[in-house]
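Let's walk through this structure together, one part at a time. Keep the sequence and the 3D view open as you read.

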Amino acid sequence: MYRYDGFDREFVHARVAQFRQQVERRIKGSLTEEEFKPLRLMNGLYLQLHAYMLRVAIPYGTLQSRQMRQLAYIAERWDKGYGHFTTRQNIQFNWPRLKDVPDILDALADVEMHAIQTSGNCVRNVTADHFAGAADDEIADPRPTAELLRQWSTDHPEFAFLPRKFKIAVSGSPIDRAVTRAHDIGLRMIRNVVGEPGYEVCVGGGLGRTPMIGSVIRDFLPEADLLPYIESILQVYNAIGRRDNIYKARIKITVSEHGIEAFRESVEQRFRIQRETFAGEHQALLARIGAMFAAPVWIEAPTGAFDAALARDPVFRSFVDTNLHPHRNPDYAIVTISLKAHGATPGDATAEQMRVIAGLAERYGHDEIRISHEQNCILPHVHKRDVPAVHAALREAGLATANVGLASDIIACPGMDYCNLATARSIPIAQDIATRMKERGDERHIGDLKIKISGCINACGHHHVGHIGILGLDRAGVENYQITLGGDGTETAALGERAGPGFAADDVVPAVERLIDTYLELRSDDDEAFLATYRRVGMRPFKAALYPDTAAAAGR
Amino acid sequence: MGRGNCGILVRDTGFQDDDWRADFVRWSGEDGHCALPDGAALDVENTAPAEDIVPFFGRIALIRIAFPSHMDGRGFSLARHLRLLGYRGRLRAAGRILADQYAMARRSGFDEVEIDPALAERQPEEQWLFRADWRTHDYQERLGRRRYHGAHGAQD
């Protein structure tokens with residue numbers, strides 16, 4: 001775990017003092033609203049539909065129990081007793097008052113947290129694989145890289161007023177759990193032919209209204225060149241990214257308008273100069289950071305209790321089936337705590353639930369918690385002998401929903417219930433689908449299925465990379481939901497294909513059921529997942545199921 | 001051509017009157033400046049190609065980069081790029097810059113900021129002095145970055 005030193009601590013407190021002064025100057029009129037806006041945004045403060053919203057960074061999704069408890073405290077003291085975990089490893093508080101925000105930021109700084117650069121046209125919270133340092137398939141822990149990037153990008157003098165926001169994700173495994181190909185910059189940690197560590201660098205990916213899968217700009221970047229190279233990309237983007245049209249301002253448009261070859265050439269030119277401005281200090285810092293992410297001292301103990309519970313308890317068995325992932329230490333497991341109870345708001349956690357999770361992390365999980373972009377919580381290091389006790393405690397707290405990776409484990413943006421950009425509701429759609437899946441009782445039989453819902457074309461719900469994507473739009477004052485199929489956010493990344501005309505809110509659940517039933521009929525066997533079947537048979541049978549009247553008409 | 005002395009100059013020590021008395025020459029592409037006099041002051045847009053100005057560095061005493069909006073950060077990168085290409089003369093940011101951006105300007109290689117009297121009235125000197133400690137809490141410094149400044153800035 002990264003621990004702040006005196007420098008980081010002084011920085012976050014100084015930043016709060018600056019923001020406190022900015023709020024006062026805004027109230028006195030010394031700053032106009034237009035001037036204040038980017039300043040509050042780069043401190044995480046949005047103006048939403050009903051109130052201000054504060055977005056707090058959870059750098060690379062890693063938390064300790066004391067930090068989780070502080071989030072619970074903030075939720076109770078200054079908000080309505082809950083928080084909402086987002087698809088970018090942030091937590092949002094939906095009801096803070098402007099005058100309380102500096103105090104909330106101070107409370108965050110006390111536990112080495114902040115809301116810096118969670119919004120605004122700057123480099124945002126750097127995200128990483130939520131199983132970092134734990135997964136059995138990992139090459140290297142991506143968090144030291146993410147922390148180095150956090151420090152480099154924090155208050156970077158050149159990049160606080162970019163053409164548009166800028167998102168970076170890092171994965172240390174060939175299995176991409178960080179959606180790297182849909183980020184402005186996606187980094188995959190790899191080794192070259194002689195075994196030296198480095199990165200494959202992707203640029204220009206993104207979702208939103210013009211979804212694009214990123215292009216490889218460097219297939220191998222040596223580890224020591226990371227910061228000068230990333231800085232060069234940002235410099236070129238800052239200089240030539242479009243500022244005349246907000247919808248064309250993201251780097252994906254810059255890259256596609258100039259072409260990846262020309263863009264790469266400009267970056268390499270800058271890189272030759274930038275490289276000279278970095279002495280070796282950043283590599284020494286990376287080494288110090290890396291040491292802080294050393295694995296915990298593993299417990300050596302028999303795992304008999306786990307095997308016994310597995311044999312005895314079918315409820316435990318189904319939890320293990322879906323919510324556990326193989327750990328690099330075979331005596332351990334990665335335990336995902338679903339924040340997707342059927343019918344609940346995806347990603348919401350009450351203060352009480354946060355405290356339960358904090359307590360479990362402290363007692364059974366080497367004091368580590370992760371937040372995933374899929375809006376769940378994770379205990380990355382649980383010894384198998386302790387999994388039955390963790391499960392029992394989660395059941396008591398209503399947190400033992402065994403649905404990770406299944407149809408009811410839905411990503412949904414806040415939608416029109418909170419967001420002033422939204423054109424439709426997304427939370428109620430997610431709730432309806434999950435409730436229906438529970439009634440059907442066959443989501444285990446259906447297997448791996450990612451449903452992702454966005455309430456507007458900005459695509460915060462990642463619908464473009466959902467196996468089934470749902471996009472809520474406004475059609476002459478009525479909510480209308482378009483369905484895309486075949487999206488994929490992993491190492492085999494693909495954008496979903498639009499199936500056809502949209503559906504009214506009440507017709508979405510039946511439409512999703514028709515897709516699921518079609519898949520169940522078509523799959524070659526129980527092991528062929530929805531996405532694999534879709535890739536094998538294509539859009540046609542699914543389209544016919546979605547629009548039976550049209551299909552019948554075409555058949556006549 | 002324009003006069004340089006209508007604005008208020010902000011430095012680490014606070015406000016002062018502009019001490020640059022001579023004219024500014026507007027940059028209009030490399031061809032037009034073969035006859036640039038020694039010690040000239042240049043006005044450039046934030047889109048100016050820094051590489052084209054390099055051959056004239058020896059004759060330029062001051063470059064003033066325009067900030068058309070406080071939302072437009074191109075000037076910061078241009079300043080940094082000019083410094084990296086070897087410009088050591090005076091570098092000034094002028095236009096729509098907030099006190100909150102003073103530290104960014106200094107860290108990007110500017111020596112000073114020029115604002116108009118209306119902005120100076122709304123954002124008085126103490127707000128700029130509040131950010132004059134731009135050398136502290138700087139992650140770039142911690143990463144061991146070399147800073148490049150002109151005659152009026154740090155030489156580290």
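Predicted model: local features only at pLDDT ≥ 70, side-chain atom pairs only at ≥ 80, totals over all residues.

Residues are numbered from 1 along each chain as its sequence is written, and chains are lettered from A and ligands numbered from 1 in the order in which they are written.

Chain B has eight strands and six helices; helices (H or I, at least four residues) and strands (E, at least two) are DSSP runs, numbered from the N terminus. Along the sequence, the pattern reads β-β-β-β-β-α-β-α-β-α-β-α-α-α. Of the 156 residues of chain B, 45% are buried, meaning that 20 or more other C-beta atoms lie within 10 Å of a residue's own, with C-beta atoms placed from the backbone. Two residues are in contact if their C-beta atoms, placed from the backbone, lie within 7 Å. Among contacts in chain B between residues at least 6 apart in sequence, 58% join residues at least 24 apart.

Now look at where the chains touch: 25 residues of chain B are in contact with 33 residues of chain A. On the chain B side, the elements giving two or more residues are helix H2 (74-84), helix H3 (102-107) and helix H6 (139-142). H2(B) gives the most, with five residues. By class, this side of chain B has eight nonpolar, eight polar and nine charged residues (Ala, Val, Leu, Ile, Met, Phe, Trp, Tyr, Cys and Pro count as nonpolar, Asp, Glu, Lys and Arg as charged, and the others, Gly among them, as polar).

In chain A, find helix H3 (residues 65-78) and helix H12 (residues 351-364), whose axes come within 8 Å and cross at roughly 170°. Axes are lines fitted to C-alpha atoms, for helices over the stretch in contact, and angles run from 0 to 180 degrees between N-to-C directions. That angle makes H3(A) roughly antiparallel to H12(A), a term for angles over 145 degrees. The residues of this contact divide into nine nonpolar, one polar and four charged.

Finally, turn to H14(A), where the buried residues include Ile427(A), Gln431(A) and Met437(A). The buried residues of H14(A) pack against several elements of chain A, among them strand E18 (468-475) and helix H16 (508-522). After H14(A) comes Gly441(A), with a positive phi near 70°.

Technical notes
Buried ≥ 20, exposed ≤ 12 C-beta atoms within 10 Å, placed from the backbone. Parallel < 35°, antiparallel > 145°, perpendicular 65-115°, else oblique.
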